[in-house]
Amino acid sequence: MKASIVANAENTAPASQGHGFNITFRGYPTLPSAMTHQDRWRVSTLEKDVDLLLEKQKKQFEDISFLTLLMSKAFSYVSDVELIRQHSAWRDMFRFNSGAVTTLALTTARCWLTYNLNSADTGELGKVLYTSLSNSTTEHEAYNLLLDQLNDSQQQDTLTSRFSRYNKANWDGYGAAPITPETIRAARRFLRMLPSVFGEPEMAPGSDGIIAMEWLFEDEHPLRKLFIDVGPGNVWSVYFRRADGKKGTMPEEPITADTKIKLEALFAQLSK
Amino acid sequence: MPMVDGDSADPYDVWTRILTSDQWRKDGRLNNGAFSGRSFLQDAATGRPWAQEVSGSLLSQIKNLRAECETFCSTLPGTEFHGIMFQSIENLRSNGDGYPRHTFFPTDVCYTPIEPQNRAHADLVTHTKTDDSAKEVRDWLQDMIQAVKPDKLNAVWSMRQAPNFPKS
């Protein structure tokens, strides 16, 4: 079966962001608003050739695996999640019970639609969803991870467009080391964990293959400078100088889940 | 008396270094990343009486600032010309008294010509190296070094008109 989902109508935007959008199947004028149970589209009819489209302002977003989930979940067409496992190529994604998957998918659909109304980038969506599910052990954790990753996808554009050009040796003509995709990913993860108390850092490439983040302060602030290097690779290090001239450093260490706690402690300490 | 290799530069001369990547802050200063890395602050070449060095040029020895900047960038594929960092030798020479103006270790600018391709070459040097000195240098230079974007190169070139500027 070849089916399509089109928001409202082709080439028009959904009426509301994330909720209450209308869907029509390609070839069908409208989707019946109250389908009987027997009319519900059975997952068994879904095969790999399912071709779904969501269109917004003439931009076409395609992601077969995700949209399969979206459609089947958001509109309750799926009576048995196990069928998804059978008929999709990504059964290993699902480590949840059926109820958890259904709830997650519904939330995901809203989240995804809201995101897409603000961003034209859906290329990574399947990967994002997969990562959210496969790296989580609870529904709540998967949802939070998904949100993080969607935010990351927006942030990724900035970091990638800014720093991927330095992924070559000697980009500065003085012998600089490349800023690798791993370092950019590490910076993305690191930024997600940064406390907001000092605001966004100013960033620049460093010739050791690092992304140099910094905050400069004036007037009554107890701190004058805070430098944090991310990279090369998945590591970070710190240098700071207080208003009284005292300096401090934190040696290089890997970016892990604990980094967030360390950053919060560091920023609290430097705020005094 | 003309300078020879290893001489301290004239205090009224100006040390310059070409900016080859976008390391500008939004407020017009340079991000500390511009002063980072082992290719920026290198261990001193063998036989040099200092600990570390940053490669640059003396304004008094440069024949045509814009041409030399553009030539430098054009000879290295992918390198972009984003401006020039500069400061007078007087301000970069430090006895290690500490902030605000001086580092905690002595610094200087020494003439180190590379014959024949770069006769203006000069190193900003430090006389001490510690585990933290690289980041201290970044901190210090961010405060000390001035910089201009390519459209303001004339401002640096005009420093040659200063009364005490050394004759090339």
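**Figure 1. The salt bridge between Asp43(B) and Lys129(B) in the predicted model.** In this predicted model, the side chains of Asp43(B) and Lys129(B) meet in a salt bridge, with an N to O distance of 2.8 Å. The pair links distant parts of the chain, since Asp43(B) belongs to strand β2 (residues 42-43) of chain B, while Lys129(B) sits in the loop between β6 (121-126) and α3 of chain B, 86 residues apart. Asp43(B) is partly exposed because its relative accessible area is 47%, a value that falls between the limits of 20% and 50%. Lys129(B), at 48% relative accessibility, likewise counts as partly exposed.

Figure 2. The side chains of Asp229(A) and Arg138(B) meet in a salt bridge at 2.7 Å, N to O. Asp229(A) lies in strand β7 of chain A and Arg138(B) in helix α3 (residues 133-144) of chain B, so this pair joins two chains. Both Asp229(A) and Arg138(B) are buried.

**Figure 3. Arg165(A) and Glu80(B), a pair of loop residues that crosses between chains.** Arg165(A) forms a salt bridge with Glu80(B), the closest N and O atoms being 2.7 Å apart. The pair runs from the loop between α5 and α6 of chain A, which holds Arg165(A), to the loop between α1 (65-74) and β4 (83-88) of chain B, which holds Glu80(B). Arg165(A) counts as partly exposed because its relative accessibility is 35%, and Glu80(B), with a relative accessible area of 32%, is also partly exposed.

**Figure 4. The interface between chain A and chain B.** Here 33 residues of chain A are in contact with 34 residues of chain B, and the two chains bury about 2,700 Å² between them, 39% of it on carbon and sulfur atoms. The count between chain A and chain B is 10 salt bridges, whereas over all chains the count comes to 18 salt bridges. One of the bridges between the chains joins Asp143(B) to Arg241(A), with the closest N and O atoms 2.9 Å apart. On the side of chain A that touches chain B, at least two residues each are supplied by β5 (202-206), β6, β7, β8 and β9 (247-254) of chain A. The residues of this side divide into 14 nonpolar, seven polar and 12 charged. A network of salt bridges links Glu214(A), Arg25(B), Asp27(B) and Arg29(B).

**Figure 5. The largest nonpolar core and the surroundings of Trp215(A).** The largest nonpolar core has 31 residues, of which Phe190(A), Met213(A), Trp215(A), Leu226(A), Ile228(A) and Phe267(A) touch the most other members. Two or more residues of this core come from each of α5 (139-163), α6 (181-193), β6 (210-216), β7 (223-230), β8 (235-242) and α7 (259-270) of chain A, and the largest share, six residues, comes from α6(A). Leaving aside residues up to four places away in sequence, Trp215(A) touches Leu194(A), Phe198(A), Gly199(A), Glu200(A), Pro201(A), Arg224(A), Lys225(A), Leu226(A), Ile228(A) and Phe267(A). In soluble globular proteins, nonpolar side chains tend to be buried together.

Terms used: Residues numbered from 1 in each chain as written. Chains lettered and ligands numbered in written order. Predicted model: local features only at pLDDT ≥ 70, side-chain atom pairs only at ≥ 80, totals over all residues. Heavy atoms only, no water. Core = buried A, V, L, I, M, F, W, Y, C linked by side-chain atoms within 4.5 Å. Buried < 20%, exposed > 50% of the residue type's maximum accessible area, 1.4 Å probe, protein only. Helix = DSSP H or I, 4+ residues; strand = E, 2+ residues; numbered from the N terminus. Contact = heavy atoms within 4.5 Å. Buried area = accessible area lost by both parts, 1.4 Å probe. Salt bridge = Lys/Arg side-chain N within 4 Å of Asp/Glu carboxyl O. Nonpolar A, V, L, I, M, F, W, Y, C, P; charged D, E, K, R; others polar.
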